[in-house]
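Subject: Structure for you to look at

Hello,

Here is the structure I promised to pass on. Please open it before you read further.

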Amino acid sequence: MTEHINIKTNNSNVIIVLVEPAGPLNVGSVARVMKNFGLSQLILVNPQCDRSSFDAVKMAVHGQEILESAIIVPTLPQALQGCVRAIATIGRDYSGEIPIENPRTALPWLLAVQNPVALIFGREDRGLTNEELNYAHKLVSIPTNPEYTSLNLATAVSICCYELSQATNIFTDQNIPTTELAPLDAMEAYYQELESLLLTIGYLYPHTAASRMEKFRHIYNRAYLEPVEVGMLRGILRQVEWAINTKDHHKI
């Protein structure tokens, strides 16, 4: 009997996230590109322009329904709620912990799960902050002419959407993991609790906490934790906090 393998032929679980987009022409163009490549979920983080403006709607063409249904949130963590994987684009010098990869080799990783995943794009003029980059598991940079590396936002989205479309046939039902991964918002809650505890016990200092926590994020991001595992880690933190408070109470 011939074994039937279902090929993953869509990328409907991919969410495009634009952080503080300023140009309505760009936002409209992104919606059009998403329509071209079969993507439908768009989230705008604190947009600096009106998605309903004439310019945005004009550029969206047949992607107007994507523009109209786009979700607006005030912060990047809110945009990533429910997502289990995230890749951020970067077009500047970066000296952090996350290695920078090529979109062609990195983006298929988003399609290896069936849960919601995010592809994050930064501001037109300055991209994403280091703090925002820390919310991503991977970073990608589009190779360009070294003499002129700047890419228009809509162009960058177009290239990444194309690479995603070329990767949709790579993963089959047999090699898509069935393990449930912890959503990024659960991981973020754990990071906040971990940082608070490490500051309390003196392992972290306020002036170096951000850089140290970046290393912790990098370690945990490589582990692809399950919800129950994150729950266990948070339980350990709560128990340690209880022990510290109990010990301090007995000293009084």
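Below is what turned up, going from the cores to the pockets and then to one residue. Keep in mind that this is a predicted model.

The cores

Start with the largest nonpolar core. It has 39 residues. Ile-16, Leu-18, Val-30, Leu-42, Leu-119, Phe-121 and Val-157 touch the most other members. Several elements each supply at least two residues of this core, including strand 1 (14-19), helix 1 (24-36), strand 2 (41-45) and strand 6 (117-121). Helix 7 (153-167) is also one of them. Helix 7 gives the largest share, eight residues.

Now pick out Leu-119. Leaving aside residues up to four places away in sequence, Leu-119 touches Ile-15, Ile-16, Val-17, Ile-87, Thr-89, Leu-107, Leu-110, Cys-160 and Leu-164. There is also a second, separate core of 23 residues. Val-17, Leu-133, Tyr-135 and Leu-184 are among its members.

The largest pocket holds about 560 Å³ of space. It is lined by 25 residues, and the closest to its centre are Ile-90, Gly-91, Arg-123, Gly-127 and Leu-151. The lining splits into ten nonpolar, ten polar and five charged residues.

The second largest pocket holds about 210 Å³. Its lining includes Asn-130, Asn-134, Tyr-135, Glu-188, Glu-214 and Arg-217. Helix 6 (130-133), helix 8 (184-200) and helix 9 each give two or more residues to this lining. Which helix gives the most to it? Helix 9 does, with five residues. By type, this lining has three nonpolar, four polar and five charged residues.

Helix 9

Helix 9 covers residues 209-221, so count along your sequence to find it. It has 13 residues and reaches 18 Å from its first C-alpha to its last, close to the 18 Å expected at 1.5 Å a residue. Its buried residues are Ala-209, Met-213, Glu-214, Arg-217, His-218, Tyr-220 and Asn-221.

Go to Asn-134, in the loop between helix 6 and strand 7 (138-140). Is Asn-134 buried or exposed? Its relative accessible area is 12%. Buried means under 20%, so Asn-134 counts as buried. Setting aside residues up to four places away in sequence, Asn-134 touches Glu-214, Arg-217 and Asn-221.

Best wishes

Note on methods
Residues are numbered from 1 along each chain as its sequence is written. This is a predicted model: local features need pLDDT of at least 70, side-chain atom pairs count only at pLDDT 80 or more; totals for chains, interfaces and linings use all residues. Side-chain values use heavy atoms; hydrogens and water are left out. A nonpolar core is a set of buried Ala, Val, Leu, Ile, Met, Phe, Trp, Tyr and Cys residues joined through side-chain atoms within 4.5 Å. Buried means under 20% relative accessible area, exposed over 50%, partly exposed in between (1.4 Å probe, protein chains only). Helices (H or I, at least four residues) and strands (E, at least two) are DSSP runs, numbered from the N terminus. Contact means heavy atoms within 4.5 Å. The expected span of a helix is 1.5 Å times one less than its number of residues. On a 1 Å grid over the protein atoms alone, a cavity is a set of points where a 1.4 Å probe fits but cannot get out, and a pocket is an open set with protein on both sides within 12 Å along at least five of seven lines; lining residues have an atom within 4 Å of a point. Grid points are joined across faces, edges and corners, and a volume is the space filled by probe spheres set on the points. Ala, Val, Leu, Ile, Met, Phe, Trp, Tyr, Cys and Pro count as nonpolar, Asp, Glu, Lys and Arg as charged, and the others, Gly among them, as polar.
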